[in-house]
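Thanks for taking a look at this one with me. Please have the sequence and the 3D view open as you read.

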Amino acid sequence: MSLWEFANPKRFMGLSGALLPWVSLLALATLTTGLIWGFFWTPDDYKQGATVKIIYLHVPAAMMAINAWVMMLVASLIWLIRRHHVSALAARAAAPVGLVFTLIALITGALWGQPMWGTWWAWDPRLTAFLVLGLFYLGYIALWSAIEQADVAADLTGVLCIVGSVFAVLSRYAVNFWNQGLHQGASLSLDKEENISDVFWLPLLLCIAGFVLMFVALVLLRTRTEIRARRLQALQARERMADA
C-alpha cells in the first residue's frame, strides 16, 4: 500500500477515525503523568528554585511550535508538488495548534525570564526569531481566511510557509548562530555536559512525548473537520447550481 493512498479523503477519514481515540488517550495519559511528575515530584533546582519546573511546559511547547511549522512546510510542499488536498487541509489544520504552542512558549519563557534575567522580555536573537515565527502563524491563518478560493489560498499559504521556515530554523538554531544573547543552550542534548539532570530529564521526556501526541491528535481532529467542511461547501454549491 502506498502512502499516497491516504491522500484520498475517504481513506484518510477511515484511518484517522481509527487512530484518533487511541492517540488522544495516550496523549492524555503521557502528558498528565509527565506534568504531575515534573511539577510535584521533582525537587527545586539549586540555582533556579521552583522556577525550573516551567521547562515542563516551555520546552515541549517551544519544540512543537517549531516542529508544527516544519510539518506545515512538508504538507504545503506536497500540495504544491502533488496537489493532494488532504495535505493542504492538514497544513491549515496545524496552524492554530502551532500558534497556541508558540504563545505558550512565549508566555512561559517570560515567566521564567523575569526572575532569572530580571526582565519579562529581551531582544535576544532566539526570542526575536520566535516572536516573528508567531507573527507568521498569524499571517498564515489570516491568509487562509481572507481568500475564498481554497486552491488559491493553499498555493499562497504554501509559499508563505516556505518563507516562514527561515524563522523556524532561526528559532531552533539562533543560539548556535550568535554567541550573544541571554537564552540558554538546549535543555536536551547529545552532549552530557549540556543535558539537564536526570531527575528533571525523565519527566521532561514524558511531557515532550505528551505534547507530540497531543499535536498529532489535534491535527487529525482538525483535518477531519476541514474535510467535512470542504464536503459541505461542495454540497451547498451543487444545491445552488441545481436551484439555478
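1. A word on the source. This is a predicted model, so please read each point below as a description of a prediction.

2. The record. UniProt, in an unreviewed entry, places the feature "transmembrane region" at residues 12–41, 61–81, 93–112, 127–147, 159–179 and 199–221. Residues 12–41 are 97% helix and 0% strand, with end C-alpha atoms 40 Å apart. For residues 127–147 the figures are 95% helix and 0% strand, and here the end C-alpha atoms lie 31 Å apart.

3. The nonpolar patch. Have a look at the surface around Ile36, Phe39, Phe40 and Trp41, which form a nonpolar patch. Together these residues have about 470 Å² of accessible area. Phe39 belongs to helix α1, which covers residues 9–40. With a relative accessibility of 31%, Phe39 counts as partly exposed.

4. Helix α2. This helix takes in residues 55–82, 28 residues in total. From its first C-alpha to its last it reaches 39 Å, close to the 40 Å expected at 1.5 Å a residue.

5. The residue that follows. Arg83 sits in the loop between α2 and α3, the latter being residues 85–117.

6. Salt bridges, and what Arg83 does. How many salt bridges does a search of the whole structure find? The search finds 3. In one of them, the side chains of Asp155 and Arg83 meet, at 2.8 Å from N to O. This pair links distant parts of the chain, with Asp155 in helix α5 (residues 150–177) and Arg83 in the loop between α2 and α3, 72 residues apart. Asp155 is partly exposed, at a relative accessible area of 25%.

7. A link between α3 and α6. Arg92 forms a salt bridge with Glu226, and their closest N and O atoms are 3.7 Å apart. Arg92 is in helix α3 and Glu226 in helix α6 (residues 198–243), so the pair ties together parts that are 134 residues apart in sequence. The two partners fall into separate accessibility classes: Arg92 is partly exposed at 27%, while Glu226 is buried at 13%.

8. Arg222 is partly exposed, with a relative accessible area of 30%. Through shared partners, salt bridges join Arg92, Arg222 and Glu226 into one network.

9. Cysteines. A search of the whole structure for disulfides finds 0. As a reminder, a disulfide is a covalent bond between the sulfur atoms of two cysteines. Cys161 is buried, with a relative accessible area of 0%, and Cys207 is buried with a relative accessible area of 0%.

Technical notes:
Residues are numbered from 1 along each chain as its sequence is written. This is a predicted model: local features need pLDDT of at least 70, side-chain atom pairs count only at pLDDT 80 or more; totals for chains, interfaces and linings use all residues. Side-chain values use heavy atoms; hydrogens and water are left out. Helices (H or I, at least four residues) and strands (E, at least two) are DSSP runs, numbered from the N terminus. The expected span of a helix is 1.5 Å times one less than its number of residues. Patches are made of residues with over 30% relative accessible area and no salt bridge: like charges are joined within 9 Å, nonpolar side chains (Val, Leu, Ile, Met, Phe, Trp, Tyr) within 5 Å. Accessible areas come from the Shrake-Rupley method with a 1.4 Å probe; for residues, only the protein chains shown count as cover. A salt bridge is a side-chain nitrogen of Lys or Arg within 4 Å of a carboxyl oxygen of Asp or Glu. Buried means under 20% relative accessible area, exposed over 50%, partly exposed in between (1.4 Å probe, protein chains only). A disulfide is a pair of cysteine sulfur atoms within 2.5 Å. UniProt positions are given in the numbering used here, feature names are shortened, and annotations may be inferred rather than shown by experiment.
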